[in-house]
Amino acid sequence: MKEKDTISQGLFGLGVSRRDFMQFCAAMSATLALSSACIPQIAEALEKKKKPYAVWLEFQDCAGDTESALRATKPNIAQLLLDIISLEYHETIMAGSGYFAEKALDNVVKNQKGKYIAIVEGSIPMKDGGVYCTIGGRTALDIAREVCGNALLTINVGSCSCWGGVSSAKPNPTGAVGVPEAVPGIKYVNLPGCPMNVENVTATIVHYLTFGALPLLDRENRPLFAHGKRIHDNCERRAHFDAGQYVRRWGDEGHRLGWCLYKMGCKGPEAYFNCPTIKWNEGMSYPVQAGHPCIACASKDNWDAFGPVYDRQSTIPGAGYRATVDKVGAGIVSGTLAAIAAHAIIRAVKGFKSKEQLAEIKKSEDES
Amino acid sequence: MPKIAIDPVTRIEGHLRVEVQVEGGKVIDAWSSGTMWRGIELIVKGRDPREVWLLLSRICGV
(Lines give C-alpha, C1' and ligand atoms only; values in the text may rest on other atoms or scores of the structure.)
Protein backbone atom coordinates (compact mmCIF):
# COMPACT_ATOMS: atom_id res chain seq x y z
CA MET A 1 0.00 0.00 0.00
CA LYS A 2 1.22 3.47 -0.85
CA GLU A 3 2.20 6.10 1.69
CA LYS A 4 -0.78 8.23 2.54
CA ASP A 5 -0.95 12.01 2.28
CA THR A 6 -2.09 14.04 5.20
CA ILE A 7 -5.75 14.91 4.99
CA SER A 8 -5.27 18.54 3.99
CA GLN A 9 -2.70 17.62 1.32
CA GLY A 10 -5.28 15.32 -0.18
CA LEU A 11 -7.91 18.04 -0.09
CA PHE A 12 -5.74 20.77 -1.56
CA GLY A 13 -4.58 18.35 -4.26
CA LEU A 14 -8.20 18.04 -5.35
CA GLY A 15 -8.62 21.77 -5.75
CA VAL A 16 -10.18 22.50 -2.37
CA SER A 17 -9.04 26.00 -1.43
CA ARG A 18 -7.73 27.05 1.97
CA ARG A 19 -10.93 29.04 2.47
CA ASP A 20 -13.10 26.02 1.63
CA PHE A 21 -11.04 23.94 4.02
CA MET A 22 -11.52 26.40 6.88
CA GLN A 23 -15.24 26.63 6.07
CA PHE A 24 -15.43 22.86 6.26
CA CYS A 25 -13.70 22.90 9.67
CA ALA A 26 -16.13 25.56 10.86
CA ALA A 27 -19.11 23.56 9.57
CA MET A 28 -17.87 20.44 11.35
CA SER A 29 -17.42 22.39 14.57
CA ALA A 30 -20.97 23.71 14.26
CA THR A 31 -22.44 20.27 13.50
CA LEU A 32 -20.65 18.86 16.53
CA ALA A 33 -22.05 21.72 18.62
CA LEU A 34 -18.53 22.71 19.61
CA SER A 35 -17.28 26.19 20.37
CA SER A 36 -15.76 28.10 17.47
CA ALA A 37 -12.57 28.03 19.50
CA CYS A 38 -12.26 24.39 18.38
CA ILE A 39 -12.02 25.29 14.68
CA PRO A 40 -8.22 25.77 14.70
CA GLN A 41 -7.84 22.51 16.60
CA ILE A 42 -9.90 20.66 13.97
CA ALA A 43 -7.93 22.33 11.18
CA GLU A 44 -4.63 21.39 12.80
CA ALA A 45 -5.66 17.78 13.25
CA LEU A 46 -6.79 17.47 9.64
CA GLU A 47 -3.61 19.17 8.44
CA LYS A 48 -1.20 16.97 10.32
CA LYS A 49 -2.81 13.56 10.57
CA LYS A 50 -2.49 10.81 8.02
CA LYS A 51 -5.72 9.57 6.57
CA PRO A 52 -6.96 6.57 8.49
CA TYR A 53 -7.62 3.41 6.52
CA ALA A 54 -11.26 2.52 6.26
CA VAL A 55 -13.34 -0.28 4.81
CA TRP A 56 -17.05 -0.03 4.07
CA LEU A 57 -18.94 -3.31 4.42
CA GLU A 58 -22.39 -3.90 2.97
CA PHE A 59 -24.55 -6.70 4.32
CA GLN A 60 -28.37 -6.81 4.22
CA ASP A 61 -28.54 -3.30 2.84
CA CYS A 62 -30.13 -1.29 0.05
CA ALA A 63 -27.05 0.91 -0.59
CA GLY A 64 -29.18 3.82 0.59
CA ASP A 65 -26.50 4.92 3.03
CA THR A 66 -23.91 4.73 0.28
CA GLU A 67 -26.17 6.87 -1.86
CA SER A 68 -26.69 9.26 1.00
CA ALA A 69 -22.92 9.62 1.25
CA LEU A 70 -22.26 9.97 -2.47
CA ARG A 71 -25.27 11.55 -4.13
CA ALA A 72 -24.72 15.11 -3.15
CA THR A 73 -25.56 17.76 -5.68
CA LYS A 74 -22.17 19.37 -5.74
CA PRO A 75 -18.71 18.32 -4.58
CA ASN A 76 -18.70 18.94 -0.90
CA ILE A 77 -19.15 16.99 2.23
CA ALA A 78 -19.35 13.67 0.38
CA GLN A 79 -16.09 14.37 -1.36
CA LEU A 80 -14.63 15.53 1.90
CA LEU A 81 -15.70 12.32 3.61
CA LEU A 82 -13.83 10.34 0.99
CA ASP A 83 -10.85 12.66 1.45
CA ILE A 84 -10.49 12.41 5.20
CA ILE A 85 -10.37 8.61 5.12
CA SER A 86 -8.55 6.25 2.83
CA LEU A 87 -11.38 4.02 1.68
CA GLU A 88 -9.82 0.72 0.63
CA TYR A 89 -12.92 -1.41 0.18
CA HIS A 90 -16.46 -0.54 -0.83
CA GLU A 91 -18.31 -3.01 -3.04
CA THR A 92 -20.55 -0.47 -4.72
CA ILE A 93 -17.81 1.90 -5.84
CA MET A 94 -14.59 -0.13 -6.07
CA ALA A 95 -13.03 -1.19 -9.35
CA GLY A 96 -11.90 -4.70 -8.46
CA SER A 97 -14.33 -7.62 -8.36
CA GLY A 98 -14.24 -11.11 -6.91
CA TYR A 99 -10.77 -12.17 -5.74
CA PHE A 100 -9.27 -8.70 -6.15
CA ALA A 101 -11.98 -7.12 -4.05
CA GLU A 102 -11.57 -9.65 -1.28
CA LYS A 103 -7.80 -9.27 -1.43
CA ALA A 104 -8.13 -5.49 -0.85
CA LEU A 105 -10.22 -6.13 2.25
CA ASP A 106 -7.87 -8.81 3.48
CA ASN A 107 -4.84 -6.50 3.07
CA VAL A 108 -6.37 -3.90 5.36
CA VAL A 109 -7.51 -6.39 7.99
CA LYS A 110 -4.11 -8.14 8.09
CA ASN A 111 -1.75 -5.19 7.62
CA GLN A 112 -3.63 -2.50 9.53
CA LYS A 113 -4.95 -4.68 12.33
CA GLY A 114 -6.38 -2.55 15.12
CA LYS A 115 -5.78 0.67 13.18
CA TYR A 116 -8.52 0.90 10.57
CA ILE A 117 -12.12 2.12 10.72
CA ALA A 118 -14.86 -0.33 9.72
CA ILE A 119 -17.97 1.35 8.37
CA VAL A 120 -20.92 -1.04 8.18
CA GLU A 121 -24.13 -0.67 6.21
CA GLY A 122 -26.89 -3.27 6.46
CA SER A 123 -27.98 -5.85 8.99
CA ILE A 124 -26.57 -9.31 9.67
CA PRO A 125 -28.87 -12.36 9.32
CA MET A 126 -28.45 -14.87 12.14
CA LYS A 127 -31.07 -17.43 11.11
CA ASP A 128 -30.20 -20.71 9.39
CA GLY A 129 -26.46 -20.33 9.82
CA GLY A 130 -26.42 -16.89 8.23
CA VAL A 131 -27.13 -18.12 4.69
CA TYR A 132 -29.29 -15.09 3.84
CA CYS A 133 -26.27 -12.92 3.13
CA THR A 134 -22.98 -14.23 1.81
CA ILE A 135 -20.10 -12.45 0.12
CA GLY A 136 -17.26 -14.36 -1.51
CA GLY A 137 -18.77 -17.53 -0.08
CA ARG A 138 -18.56 -16.28 3.52
CA THR A 139 -21.50 -15.29 5.67
CA ALA A 140 -22.01 -11.67 6.71
CA LEU A 141 -21.58 -12.78 10.33
CA ASP A 142 -18.22 -14.39 9.60
CA ILE A 143 -16.98 -11.29 7.77
CA ALA A 144 -18.26 -8.92 10.46
CA ARG A 145 -16.58 -10.91 13.22
CA GLU A 146 -13.25 -10.74 11.45
CA VAL A 147 -13.38 -7.19 10.06
CA CYS A 148 -15.15 -5.39 12.94
CA GLY A 149 -13.42 -7.54 15.53
CA ASN A 150 -9.99 -6.33 14.33
CA ALA A 151 -10.95 -2.70 13.70
CA LEU A 152 -9.96 0.33 15.75
CA LEU A 153 -13.54 1.49 15.59
CA THR A 154 -16.76 0.37 13.91
CA ILE A 155 -19.17 2.98 12.60
CA ASN A 156 -22.64 1.61 11.93
CA VAL A 157 -24.25 3.73 9.24
CA GLY A 158 -28.01 3.51 8.85
CA SER A 159 -30.53 1.84 11.14
CA CYS A 160 -29.99 -1.67 9.67
CA SER A 161 -26.42 -2.02 10.92
CA CYS A 162 -27.31 -0.33 14.24
CA TRP A 163 -30.15 -2.67 15.25
CA GLY A 164 -31.57 -4.45 12.23
CA GLY A 165 -33.71 -1.72 10.65
CA VAL A 166 -36.04 -2.66 7.81
CA SER A 167 -34.73 -6.23 7.61
CA SER A 168 -35.60 -6.85 11.24
CA ALA A 169 -39.15 -5.49 10.99
CA LYS A 170 -41.71 -8.07 12.08
CA PRO A 171 -41.65 -11.00 11.48
CA ASN A 172 -37.90 -10.58 10.81
CA PRO A 173 -37.73 -13.49 8.34
CA THR A 174 -33.94 -13.79 8.37
CA GLY A 175 -33.24 -13.16 12.04
CA ALA A 176 -31.56 -9.86 11.12
CA VAL A 177 -29.68 -8.00 13.84
CA GLY A 178 -27.33 -5.04 14.00
CA VAL A 179 -23.56 -5.24 14.30
CA PRO A 180 -23.45 -4.64 18.09
CA GLU A 181 -25.63 -7.68 18.66
CA ALA A 182 -23.85 -9.86 16.10
CA VAL A 183 -20.33 -8.94 17.23
CA PRO A 184 -20.53 -8.07 20.92
CA GLY A 185 -17.68 -6.35 22.69
CA ILE A 186 -16.40 -4.16 19.85
CA LYS A 187 -15.90 -0.40 20.06
CA TYR A 188 -18.64 1.17 17.97
CA VAL A 189 -20.79 4.19 17.33
CA ASN A 190 -24.30 4.09 15.86
CA LEU A 191 -25.30 6.60 13.20
CA PRO A 192 -28.83 5.44 12.46
CA GLY A 193 -31.38 6.91 10.11
CA CYS A 194 -32.94 5.58 6.98
CA PRO A 195 -30.62 6.60 5.53
CA MET A 196 -28.00 8.14 7.79
CA ASN A 197 -26.93 11.73 7.20
CA VAL A 198 -23.45 12.03 5.74
CA GLU A 199 -22.76 15.22 7.67
CA ASN A 200 -23.07 13.31 10.93
CA VAL A 201 -20.78 10.55 9.70
CA THR A 202 -18.15 13.05 8.61
CA ALA A 203 -18.46 15.04 11.83
CA THR A 204 -18.07 11.88 13.93
CA ILE A 205 -14.89 10.92 12.05
CA VAL A 206 -13.54 14.47 12.29
CA HIS A 207 -14.21 14.47 16.03
CA TYR A 208 -12.38 11.19 16.39
CA LEU A 209 -9.40 12.44 14.37
CA THR A 210 -9.24 15.73 16.26
CA PHE A 211 -9.74 14.60 19.83
CA GLY A 212 -8.81 10.93 19.64
CA ALA A 213 -12.18 10.02 21.13
CA LEU A 214 -15.76 9.57 20.08
CA PRO A 215 -18.23 12.40 20.69
CA LEU A 216 -20.56 11.99 23.67
CA LEU A 217 -22.99 9.14 23.08
CA ASP A 218 -26.48 8.34 24.34
CA ARG A 219 -27.63 4.96 25.62
CA GLU A 220 -28.10 3.71 22.07
CA ASN A 221 -24.51 4.69 21.27
CA ARG A 222 -25.73 7.52 19.05
CA PRO A 223 -23.77 10.80 19.18
CA LEU A 224 -25.62 13.40 21.22
CA PHE A 225 -24.77 16.16 18.75
CA ALA A 226 -26.89 14.34 16.16
CA HIS A 227 -29.50 12.61 18.32
CA GLY A 228 -29.74 14.75 21.44
CA LYS A 229 -32.61 16.95 20.32
CA ARG A 230 -36.20 16.16 19.54
CA ILE A 231 -37.44 16.79 16.02
CA HIS A 232 -40.63 18.25 17.46
CA ASP A 233 -38.69 20.91 19.38
CA ASN A 234 -36.82 22.13 16.32
CA CYS A 235 -39.64 21.73 13.81
CA GLU A 236 -40.54 24.72 11.67
CA ARG A 237 -44.19 23.59 11.90
CA ARG A 238 -44.08 23.73 15.70
CA ALA A 239 -45.86 27.09 15.88
CA HIS A 240 -48.81 25.48 14.07
CA PHE A 241 -48.87 22.64 16.60
CA ASP A 242 -48.96 25.19 19.42
CA ALA A 243 -51.72 27.09 17.65
CA GLY A 244 -53.81 23.96 17.08
CA GLN A 245 -53.45 24.18 13.31
CA TYR A 246 -53.25 20.66 11.91
CA VAL A 247 -53.21 18.99 8.53
CA ARG A 248 -56.29 16.74 8.58
CA ARG A 249 -56.27 15.38 5.05
CA TRP A 250 -53.57 15.18 2.40
CA GLY A 251 -53.79 18.24 0.21
CA ASP A 252 -56.20 20.15 2.46
CA GLU A 253 -55.75 23.82 3.15
CA GLY A 254 -53.63 23.16 6.23
CA HIS A 255 -51.33 20.90 4.23
CA ARG A 256 -50.93 23.57 1.59
CA LEU A 257 -50.19 26.15 4.28
CA GLY A 258 -47.56 24.01 5.99
CA TRP A 259 -49.46 23.25 9.19
CA CYS A 260 -48.55 20.61 11.77
CA LEU A 261 -48.44 16.95 10.64
CA TYR A 262 -49.01 15.44 14.09
CA LYS A 263 -52.48 14.16 13.23
CA MET A 264 -51.23 12.62 10.00
CA GLY A 265 -48.98 10.35 12.03
CA CYS A 266 -45.89 12.48 12.60
CA LYS A 267 -43.56 10.80 15.10
CA GLY A 268 -41.56 14.01 15.57
CA PRO A 269 -42.62 14.32 19.23
CA GLU A 270 -40.80 11.06 19.92
CA ALA A 271 -37.93 11.19 17.44
CA TYR A 272 -34.41 12.39 18.16
CA PHE A 273 -32.43 13.45 15.11
CA ASN A 274 -30.88 16.68 13.85
CA CYS A 275 -32.84 16.66 10.56
CA PRO A 276 -34.50 20.05 11.21
CA THR A 277 -31.14 21.77 11.59
CA ILE A 278 -28.74 20.11 9.14
CA LYS A 279 -31.40 18.76 6.74
CA TRP A 280 -30.59 16.84 3.56
CA ASN A 281 -29.33 17.54 0.05
CA GLU A 282 -27.08 20.43 0.98
CA GLY A 283 -29.43 21.68 3.64
CA MET A 284 -32.31 21.94 1.18
CA SER A 285 -35.11 20.17 3.03
CA TYR A 286 -36.14 17.15 5.11
CA PRO A 287 -39.32 15.05 5.15
CA VAL A 288 -41.38 17.17 7.56
CA GLN A 289 -40.50 20.36 5.71
CA ALA A 290 -41.47 18.64 2.46
CA GLY A 291 -44.92 17.78 3.88
CA HIS A 292 -44.54 14.18 5.08
CA PRO A 293 -44.75 13.10 8.71
CA CYS A 294 -41.58 11.98 10.47
CA ILE A 295 -41.37 8.16 10.68
CA ALA A 296 -38.73 8.18 13.45
CA CYS A 297 -36.30 6.37 11.16
CA ALA A 298 -33.38 6.82 13.58
CA SER A 299 -35.23 5.17 16.47
CA LYS A 300 -34.85 1.52 17.34
CA ASP A 301 -37.45 -0.77 15.74
CA ASN A 302 -39.31 2.23 14.32
CA TRP A 303 -41.30 0.07 11.88
CA ASP A 304 -43.02 -1.78 14.72
CA ALA A 305 -42.55 0.23 17.92
CA PHE A 306 -44.52 3.28 16.76
CA GLY A 307 -47.56 1.63 15.19
CA PRO A 308 -48.77 2.43 11.68
CA VAL A 309 -46.86 5.28 10.05
CA TYR A 310 -49.95 7.33 9.20
CA ASP A 311 -51.79 6.82 12.49
CA ARG A 312 -51.55 9.53 15.08
CA GLN A 313 -49.53 8.50 18.11
CA SER A 314 -52.28 8.00 20.64
CA THR A 315 -51.03 5.19 22.83
CA ILE A 316 -47.59 5.76 24.18
CA PRO A 317 -45.69 2.68 25.24
CA GLY A 318 -43.51 3.34 28.28
CA ALA A 319 -40.23 2.52 26.56
CA GLY A 320 -37.69 4.94 27.96
CA TYR A 321 -35.25 5.43 25.13
CA ARG A 322 -37.76 6.75 22.66
CA ALA A 323 -38.97 9.54 24.82
CA THR A 324 -35.65 10.69 26.10
CA VAL A 325 -32.08 10.63 25.09
CA ASP A 326 -30.80 9.41 28.36
CA LYS A 327 -32.07 9.21 31.85
CA VAL A 328 -35.64 10.40 32.02
CA GLY A 329 -37.82 7.63 33.39
CA ALA A 330 -40.75 6.04 31.63
CA GLY A 331 -43.26 7.71 33.99
CA ILE A 332 -42.15 11.18 33.08
CA VAL A 333 -42.22 10.15 29.46
CA SER A 334 -45.83 9.04 29.49
CA GLY A 335 -46.75 12.19 31.40
CA THR A 336 -45.05 14.42 28.88
CA LEU A 337 -46.64 12.71 25.95
CA ALA A 338 -50.06 12.72 27.55
CA ALA A 339 -49.55 16.44 28.08
CA ILE A 340 -48.67 16.85 24.42
CA ALA A 341 -51.82 15.02 23.38
CA ALA A 342 -54.01 17.00 25.80
CA HIS A 343 -52.39 20.22 24.67
CA ALA A 344 -53.10 19.30 21.08
CA ILE A 345 -56.77 18.65 21.80
CA ILE A 346 -57.26 21.85 23.77
CA ARG A 347 -55.56 23.90 21.08
CA ALA A 348 -57.62 22.29 18.38
CA VAL A 349 -60.83 23.07 20.26
CA LYS A 350 -59.81 26.63 20.94
CA GLY A 351 -59.01 27.23 17.30
CA PHE A 352 -62.61 26.64 16.20
CA LYS A 353 -65.85 28.31 17.10
CA SER A 354 -69.00 26.68 15.72
CA LYS A 355 -70.74 23.77 17.44
CA GLU A 356 -70.54 21.72 14.26
CA GLN A 357 -66.82 22.14 14.11
CA LEU A 358 -66.44 21.25 17.76
CA ALA A 359 -68.52 18.14 17.22
CA GLU A 360 -66.39 17.19 14.24
CA ILE A 361 -63.20 17.58 16.23
CA LYS A 362 -64.56 15.53 19.07
CA LYS A 363 -65.57 12.83 16.63
CA SER A 364 -62.14 12.73 15.03
CA GLU A 365 -60.49 12.65 18.45
CA ASP A 366 -62.69 9.73 19.46
CA GLU A 367 -61.92 7.87 16.27
CA SER A 368 -58.18 8.32 16.57
CA MET B 1 -12.26 -27.39 -17.59
CA PRO B 2 -12.17 -24.51 -15.16
CA LYS B 3 -15.16 -23.01 -13.49
CA ILE B 4 -14.59 -19.38 -12.57
CA ALA B 5 -16.48 -17.76 -9.72
CA ILE B 6 -16.69 -13.98 -9.37
CA ASP B 7 -18.04 -13.07 -5.97
CA PRO B 8 -18.65 -10.29 -5.12
CA VAL B 9 -19.52 -8.65 -8.42
CA THR B 10 -18.85 -5.01 -7.53
CA ARG B 11 -20.21 -1.62 -8.70
CA ILE B 12 -23.78 -2.81 -8.29
CA GLU B 13 -26.35 -2.47 -5.55
CA GLY B 14 -26.88 -5.75 -3.74
CA HIS B 15 -24.83 -8.88 -3.63
CA LEU B 16 -24.18 -10.89 -6.77
CA ARG B 17 -22.20 -14.02 -7.53
CA VAL B 18 -21.46 -15.16 -11.07
CA GLU B 19 -19.99 -18.54 -12.01
CA VAL B 20 -18.89 -19.40 -15.52
CA GLN B 21 -17.87 -22.69 -17.05
CA VAL B 22 -15.05 -22.25 -19.57
CA GLU B 23 -14.09 -24.76 -22.24
CA GLY B 24 -11.43 -24.16 -24.86
CA GLY B 25 -11.35 -20.45 -24.06
CA LYS B 26 -15.14 -20.15 -24.45
CA VAL B 27 -17.83 -19.68 -21.88
CA ILE B 28 -20.16 -22.63 -22.32
CA ASP B 29 -22.40 -22.13 -19.33
CA ALA B 30 -22.99 -19.48 -16.65
CA TRP B 31 -24.91 -19.10 -13.40
CA SER B 32 -25.69 -15.99 -11.44
CA SER B 33 -27.13 -15.71 -7.97
CA GLY B 34 -28.21 -12.92 -5.69
CA THR B 35 -26.58 -13.80 -2.40
CA MET B 36 -28.67 -11.67 -0.06
CA TRP B 37 -32.30 -11.97 0.97
CA ARG B 38 -34.30 -10.00 3.53
CA GLY B 39 -37.83 -11.29 2.95
CA ILE B 40 -39.43 -7.87 2.60
CA GLU B 41 -42.41 -9.59 0.94
CA LEU B 42 -43.06 -11.34 4.25
CA ILE B 43 -42.44 -8.16 6.24
CA VAL B 44 -45.15 -6.18 4.44
CA LYS B 45 -47.71 -8.98 4.69
CA GLY B 46 -50.57 -7.90 6.95
CA ARG B 47 -49.30 -4.34 7.41
CA ASP B 48 -51.29 -1.15 6.95
CA PRO B 49 -51.32 -0.83 3.13
CA ARG B 50 -50.64 2.90 3.36
CA GLU B 51 -47.15 2.35 4.73
CA VAL B 52 -46.11 -0.53 2.49
CA TRP B 53 -44.54 1.83 -0.05
CA LEU B 54 -42.15 3.06 2.62
CA LEU B 55 -40.85 -0.45 3.26
CA LEU B 56 -40.78 -1.56 -0.37
CA SER B 57 -38.90 1.53 -1.48
CA ARG B 58 -36.11 0.31 0.78
CA ILE B 59 -35.56 -2.81 -1.32
CA CYS B 60 -33.08 -0.70 -3.27
CA GLY B 61 -31.74 2.65 -2.15
CA VAL B 62 -30.06 3.55 -5.42
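Reply: **Rings and backbone**

Lys3(B) lies over the face of Trp31(B), 4.6 Å from the ring centre (a charge sits over a ring if NZ of Lys or CZ of Arg is within 6 Å of the ring centre and within 35 degrees of the ring normal). This is a predicted model, in which local features need pLDDT of at least 70 and side-chain atom pairs count only at pLDDT 80 or more, while totals for chains, interfaces and linings use all residues. Residues are numbered from 1 along each chain as its sequence is written, chains are lettered from A and ligands numbered from 1 in the order in which they are written, and side-chain values use heavy atoms, with hydrogens and water left out.

Over all chains there are 7 aromatic pairs (rings of Phe, Tyr and Trp, the last by its six-membered ring, pair if their centres lie within 6.5 Å; planes under 30 degrees apart are stacked, over 60 edge-to-face and the rest tilted). Tyr132(A) and Trp37(B) form a tilted pair, because their ring centres are 5.5 Å apart and their planes stand at 45 degrees. This pair crosses between chains, running from the loop between β4 (124-125) and β5 (134-135) of chain A, where Tyr132(A) sits, to the loop between β3 (26-34) and α1 (40-44) of chain B, which holds Trp37(B) (helices, H or I of at least four residues, and strands, E of at least two, are DSSP runs numbered from the N terminus). Trp37(B) counts as partly exposed because its relative accessibility is 35% (buried means under 20% relative accessible area, exposed over 50% and partly exposed in between, with a 1.4 Å probe and protein chains only). The pair of Phe273(A) and Trp280(A) is edge-to-face, since the centres are 6.3 Å apart and the planes are at 90 degrees, and both of these residues are buried. Ring pairs also link Phe241(A), Tyr246(A) and Tyr262(A) into a cluster.

Turning to the backbone, a cis peptide bond with omega of about 5 degrees joins Cys194(A) and Pro195(A), and Pro195(A) is placed in the loop between β9 (188-191) and α10 (198-211) of chain A. In chain B, the bond from Asp7(B) to Pro8(B) is cis, with omega near 5 degrees, and Pro8(B) lies in the loop between β1 (3-6) and β2 (16-23).

Asn172(A), a residue other than glycine, has a positive phi near 45 degrees; Asn172(A) is found in the loop between α8 (159-163) and β8 (176-177) of chain A and counts as buried because its relative accessibility is 17%.
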